[in-house]
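Some notes on the model follow, as numbered points. Please read them alongside the coordinates.

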Amino acid sequence: METMNDNQLDRCLRSIGKMCFVDNYHLFANFHIPHEEAVEFLMENHGYKETGARTRVSCSRRIIRNGRVKDALKIIEASGRVPNNVREAAKKCKRPGITS
């Protein structure tokens, strides 16, 4: 497994979008959903262009594979630039059994 430092985590979160990461966490975390299917979902349901959707799926799954989900959720929770409902959703995702 590769390692992801804090700067790389921050860069990935910026590429994904904090709200997108929280709103689509279960899509990204389900590795039974093929990469292409996840990309299509983002394009069809959120209006992202293909390159943006690919980046979001790749970066999200990289965070998950590297075991940095809880760190990402802490960053989102502490962010003053995301709506309160997104911060609350990030808190819920941190509950035991929800994230890896």
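1. I16 lies in helix α1, where helices are DSSP runs of H or I with at least four residues, numbered from the N terminus. This is a predicted model, in which local features need pLDDT of at least 70 and side-chain atom pairs count only at pLDDT 80 or more, while totals for chains, interfaces and linings use all residues. Residues are numbered from 1 along each chain as its sequence is written, and side-chain values use heavy atoms, with hydrogens and water left out.

2. I16 counts as buried because its relative accessibility is 1%; buried means under 20% relative accessible area, exposed over 50% and partly exposed in between, with a 1.4 Å probe and protein chains only. With neighbours within four places in sequence set aside, I16 is in contact (heavy atoms within 4.5 Å) with F21, R56, C59, S60 and I63. I16 and N85 are 69 residues apart in sequence, and their C-alpha atoms are 18 Å apart in space.

3. Helix α1 (residues 6-16) packs with helix α5 (residues 50-65) at an angle of about 145°, the axes being 9 Å apart. Axes here are lines fitted to C-alpha atoms, for helices over the stretch in contact, and angles run from 0 to 180 degrees between N-to-C directions. From α1, Q8, L9, C12, L13, S15 and I16 meet T55, R56, C59, S60, R62 and I63 of α5.

4. At the ends of α1: N5 caps the N-terminal end, with a side-chain oxygen 3.0 Å from the backbone nitrogen of N7. After α1 comes G17, whose phi is positive, near 100°.

5. Helix α6 has V69, A72, L73 and I76 buried. These residues cover an arc of only 95° around the axis, which puts them on the same side of α6. What covers them includes α1, α2, α3 (25-29), α5 and α7 (84-93).

Note on methods. Helices (H or I, at least four residues) and strands (E, at least two) are DSSP runs, numbered from the N terminus. A polar contact is a pair of N or O atoms within 3.5 Å; within protein, one must be able to donate a hydrogen and the other to accept it, and residues adjacent in sequence count only if both atoms are side-chain atoms. The arc is that of the directions from the helix axis to the C-beta atoms.
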